[in-house]
Amino acid sequence: IDFTDRSKCADLQRQLVQIKAKQWSAEPLVAGKGNHHGDCQKITSPQQKEYVVGTVQNASLEDVERALV
């Protein structure tokens, strides 16, 4: 990115604002279906620990067993 180009910097800033507004989530998928039960953990930005970027739900032993069937 050419940081001396003001229009490119403005475009980048707009994109960053859009990305920051989005809440991301990750969950295990088994046979194309999400697992909507279980505890979710908050994921924070490495640079800004108070900023939550989304959540993650780890696979349970049951999820793994269903995936292997």
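The sheet I would like to begin with is open and has three strands in the order E1-E5-E4, with mixed pairing, where strands are DSSP runs of E with at least two residues, numbered from the N terminus, and two of them pair if DSSP finds at least two bridges between them. At the edges are strand E1 (24-26) and strand E4 (41-44), each of which pairs on one side only. On average, neighbouring strands of this sheet are turned by 25 degrees against each other, direction ignored, the axes being lines fitted to C-alpha atoms.

Please keep in mind that this is a predicted model, in which local features need pLDDT of at least 70 and side-chain atom pairs count only at pLDDT 80 or more, while totals for chains, interfaces and linings use all residues. Residues are numbered from 1 along each chain as its sequence is written, and side-chain values use heavy atoms, with hydrogens and water left out.

How do E4 and strand E5 pair? E4 and strand E5, which covers residues 52-56, run in the antiparallel sense over four bridges, and Lys42 stands opposite Thr55 in E5.

Let me turn to side chains and rings. Lys20 lies over the face of Tyr51, at 5.1 Å from the ring centre, and Lys22 lies over the face of Trp24, at 4.7 Å from the ring centre; the rule here asks for NZ of Lys or CZ of Arg within 6 Å of the ring centre and within 35 degrees of the ring normal.

Finally, Ile19 is found in helix H1, residues 6-21, a helix being a DSSP run of H or I with at least four residues.

How values were computed. Axes are lines fitted to C-alpha atoms, for helices over the stretch in contact, and angles run from 0 to 180 degrees between N-to-C directions.
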